[in-house]
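Please examine the sequence and the three-dimensional structure below before reading on. The paragraphs that follow begin with a single residue and proceed from there to the sheets, the helices and the ligand.

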Amino acid sequence: MISRDVIPASHYSLEKHSGLLFHPTMMALPPILNPWTTIKAIWRLCYIFVQYIVVAIFKPPPPKHADPLPNPYGRVAVIGAGLTGVSSAAHCIAHNFEVVLFEAGSRSSLGGIWAHENSTSGLQLNSHLYRFHPAVVWRNAFPLRDEILSEIARVWEEYKLESRTRFETRVTSVKRADDDQFGRHQWLINNGEEGPFSAVIVNIGTCGKPKWIHLDGMPKDKGEQTEDSDNPTENNGSVFKKPIVHSSELDSDAVSEEAIKGKRVVVIGSGASGVEAVEAAIQRGAGGVVMIARTDKWIIPRNIFFDTFLACQPFGREMPLSFLWEAFLKQWQYYGVKDLVPMDSGLFEGTPVVNDAFLGHVRSGACRYIHGDPVRLTEQGVHVNVRERGTKLDDKGRKETISADLIVLATGYEKPSIDFLPDELFPEGYQRPDLYLQNFSTEDWSVLLTNSAYMSAIGTVGHFHIGIYTRILLTLLLDPNTRPIPKDMKLWVDLISFLKRGAKGGPLGFFTYAELTIWLFMFHLFRPDRLRWLFFIMFGWGIHGDLKERKRIKKTLTVKASKHGEPAPKSDGGKRKIRREKGH
Ligand SMILES: Cc1cc2nc3c(=O)[nH]c(=O)nc-3n(C[C@H](O)[C@H](O)[C@H](O)COP(=O)(O)OP(=O)(O)OC[C@H]3O[C@@H](n4cnc5c(N)ncnc54)[C@H](O)[C@@H]3O)c2cc1C
């Protein structure tokens with residue numbers, strides 16, 4: 001068996017994207033006789049077939065035409081047209097809620113972060129774990145950017161969101177408007193020209209603009225690329241004059257073939273984008289790559305079974321037996337490069353990097369891994385404080401200048417601001433990520449922040465929880481009896497804080513997918529009046545806005561309102577009750 005490290009890049013990506021093992025000797029056979037071709041075709045068919053079963057069971061019906069819904073249950077504003085925004089909007093429209101999707105960027109920004117990534121960037125997790133909407137059908141186990149963008153666009157078109165999307169419309173303000181016929185306040189977006197909305201879903205993600213760090217010796221024009229750059233100093237005239245790029249630019253025009261081929265590349269940063277940058281630099285023929293790592297991150301394999309088991313840890317924090325996972329990874333992943341095993345952070349304390357190739361590159365010597373802090377840039381490269389493994393950030397170490405022809409800043413992205421939301425929605429102690437069910441403002445459940453509030457997790461951003469959170473919101477809009485009051489929502493956060501006291505990064509600073517699933521079930525179990533919505537919320541079954549259903553919902557609401565001694569909707573009497581819900 002040929003070692004993975006000597007498989008040419010083109011073959012490697014074939015293996016990587018089919019999700020199967022690949023033996024290069026099989027390439028010699030004509031395709032028709034090649035057993036590998038047959039195995040791959042069968043595997044791909046099964047992979048796609050399973051997804052069609054999911055589609056048949058869970059895909060909510062898209063609207064038949066693009067016209068406004070004749071009798072919507074309400075109007076929802078969705079902010080951000082990344083995959084979370086497109087999925088949330090598609091769920092709303094499928095369940096008879098009218099939507100407007102606001103996107104700061106132009107049409108080419110549809111797909112959010114993926115629209116600005118390298119074409120070689122792809123999913124870290126198996127795509128079965130990244131079914132961001134039930135209508136999605138992946139052709140590859142590890143799709144690349146273009147396949148991901150085309151699936152996002154397909155869902156967007158199928159659910160007739162084109163006419164409902166406002167591109168180049170950055171949301172700068174969300175304000176309360178007058179109460180509606182049910183006595184609930186409404187929301188106005190920006191100047192209110194789109195009319196009032198019953199609820200707001202904020203889907204602005206966690207990756208905003210590329211984050212640039214400032215080091216002495218960095219040319220001024222690089223320093224000026226950042227918003228918060230003061231005036232980067234130039235290190236007494238010793239300035240690094242060769243290219244400096246952000247990791248997201250590595251395959252763009254910013255880095256020509258001659259700027260990278262055979263050249264020494266220094267990657268600053270050891271997170272997911274650093275690891276991907278090393279891979280990309282090696283694939284593009286860099287002469288040598290050095291990674292400068294201030295902290296060590298756990299690197300887990302791209303293995304659907306392992307990753308799923310890991311995400312099934314229900315406690316969302318380090319537990320006494322977590323060392324078993326870590327010991328297993330040390331043997332399986334880190335053989336020959338044990339120096340890279342994180343010493344001061346557990347596996348369940350931060351988002352691990354999912355990658356199969358990186359450690360192999362370190363093992364083979366294609367990438368040198370340095371524990372240390374970049375101190376400044378010089379004409380030759382990067383001056384580094386090289387530390388021993390296990391030392392703390394900025395502890396004294398040995399000084400070394402790493403020569404470079406190209407510096408890649410794998411320093412991540414700035415967190416997008418939610419300044420456009422009223423401050424009162426996030427009182428002290430209940431700010432991101434410490435929200436109700438980790439996604440709702442504790443002061444008002446009609447503001448949902450799917451995938452925009454988390455910090456670290458073991459799970460996946462694009463999965464069934466987008467639909468579940470959206471349907472919880474729709475249920476709360478439809479049925480007043482299911483609504484939580486601010487006191488209860490804060491109590492939920494307090495309870496989790498108590499249960500996870502002592503967890504590194506705070507109680508909700510890290511969670512696992514199993515933990516999230518438990519929260520979602522608890523949402524029903526602690527409130528029996530929500531149980532009747534269980535199948536709708538968890539699986540998306542029901543609520544499509546047909547006449548019979550509309551009558552039934554109206555009747556239910558009328559009966560419920562009068563049971564509480566209140567007039568039915570449409571009269572202004574509902575206000576008393578709603579005032580209590582809003583807590584003001
Ligand atoms: C290379 C790479 C690999 C990844 N691999 C995985 C993986 O394997 N698994 C995984 O779960 N995740 C992965 N991710 C994380 C990825 O960010 C998420 O999976 C997902 O794409 C986030 O989508 P989103 O819609 O929540 O946010 P985004 O894609 O960031 O979209 C947010 C949108 O909101 C818009 N916006 C922001 N502010 C405003 C405003 N004020 N008004 C209007 N619009 C606004 C932005 O313009 C943007 O279009 C990966 C990311 C990268 C870059």
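Does K399 count as buried or exposed, and why? In this predicted model, K399 has 11 C-beta neighbours inside 10 Å and therefore counts as exposed, since a residue with 12 or fewer such neighbours is placed in that class. K399 belongs to strand β14, which covers residues 398-403. Leaving aside residues up to four places away in sequence, K399 touches H383 and N385. Between K399 and P374 lie 9.8 Å in space, C-alpha to C-alpha, although the two are 25 residues apart in sequence.

β14 is part of an open sheet of 7 strands with mixed pairing, in the order β7-β15-β8-β9-β12-β13-β14. The edges are formed by β7 (244-246) and β14; each has a single partner strand, so one side of each is left without a neighbour in the sheet. On average, neighbouring strands of this sheet are turned by 40° against each other, direction ignored. Within the sheet, strands β8 (residues 264-268) and β9 (residues 288-293) run parallel and are joined by 5 bridges; V266 has V290 in β9 as its bridge partner. Helix α7 (residues 272-283) packs on this sheet, where it touches β8, β9, β12 (367-377) and β15 (406-409), and its direction makes about 175° with that of β9.

A further open sheet consists of 5 strands with parallel pairing, ordered β3-β2-β1-β6-β16. Its edge strands, β3 (165-166) and β16 (447-448), each pair on one side only. Strand β6 (residues 199-202) pairs with β16 in the parallel sense over 2 bridges, and V200 stands opposite V447 in β16. Across β6 and β16 lies helix α11 (residues 465-478), which runs at about 170° to β6.

Finally, the ligand may be considered. It is surrounded by 33 residues, and the closest are G80, G82, T84, G112 and G205. The shell divides into 16 nonpolar, 14 polar and 3 charged residues. Helix α3 (residues 83-94) gives the most to this shell, with 3 residues.

Conventions:
Residues numbered from 1 in each chain as written. Predicted model: local features only at pLDDT ≥ 70, side-chain atom pairs only at ≥ 80, totals over all residues. Pairing = 2+ DSSP bridges. Helix = DSSP H or I, 4+ residues; strand = E, 2+ residues; numbered from the N terminus. Contact = placed C-beta atoms within 7 Å. Axes fitted to C-alpha atoms, helices over the stretch in contact; angles between N-to-C directions. Buried ≥ 20, exposed ≤ 12 C-beta atoms within 10 Å, placed from the backbone. Near = placed C-beta within 6 Å. Nonpolar A, V, L, I, M, F, W, Y, C, P; charged D, E, K, R; others polar.
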